[in-house]
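Subject: Structure handover

Dear colleague,

Please find the structure below. My notes on it follow.

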Amino acid sequence: MLQRIRGDLTKYHGIFMAGRCAGWELEELIVAAIKSDTHAQHHVWWKERGHDNKADVRVRTNGSEHAIQIKSGQRSKGRLKLSGHRLGRFKEDWDAITQYLNAPVASIIAVPHRKIESKQGRQHCYQVCYIDKTMLTGLDAGKWEEIGARYQQTNEHDVEFSVNPSMSWQVWWSIPNELIKETDEFVIG
């Protein structure tokens, strides 16, 4: 599967050199990579632009179904930063927001990107990361702190949650590297 994602990202950057492959594009590339592993007998469900607020992709393996969210993300200072769901529908109800965040149904596959500028020109560095959904729980509705224009809380796994009202109450996670199962970085370009 990793060979497939590397090959597809290489093709992508053969056409688009300027920026990273976006999250919505990564969904399709991840689905194709999972389907390419014919030995594993995966069954994959994905609906283009499905906007499922629980999972982007569902994979059945050996009779078990796994819900997965696909994210791009950024690595910085020993952490992976990812954007999540918009929580405006809860109308500032911190009990409901916390309950929702404490009950994730999907683990995350993130494919963070960074650019490398060198004598050879622009290169793109990617990595495939897996975050188990159980690392994204353990919040307390009474412990949200207002910091500037956002609200923050850190769970027992040292995952920092940030909810940004100015961004439709979108949640952001800052996840320590120690919690992430990851491949080696690979460079394209």
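In these notes, a residue is buried at under 20% relative accessible area, exposed at over 50%, and partly exposed in between (1.4 Å probe, protein chains only). By that rule, 44% of the 189 residues of the protein are buried. This is a predicted model: local features need pLDDT of at least 70 and side-chain atom pairs count only at pLDDT 80 or more, while totals for chains, interfaces and linings use all residues. Residues are numbered from 1 along each chain as its sequence is written, and side-chain values use heavy atoms, with hydrogens and water left out.

Overall form: the protein has three helices and 15 strands, taken as DSSP runs (helices H or I, at least four residues; strands E, at least two) and numbered from the N terminus. The C-alpha trace spans about 50 × 45 × 30 Å along its principal axes. Of the contacts (heavy atoms within 4.5 Å) between residues at least 6 apart in sequence, 55% join residues at least 24 apart.

Helix α3: this helix covers residues 94-101, and it is largely enclosed by the rest of the structure because six of its eight residues are buried. Those buried residues are W94, A96, I97, T98, Y100 and L101. They pack against β5 (79-86), β11 (150-154), β12 (160-164) and β13 (170-176). At the start of α3, the backbone nitrogen of D95 lies within 3.1 Å of a side-chain oxygen of D93, where a polar contact is a pair of N or O atoms within 3.5 Å, one able to donate a hydrogen and the other to accept it, and residues adjacent in sequence count only if both atoms are side-chain atoms.

Regards
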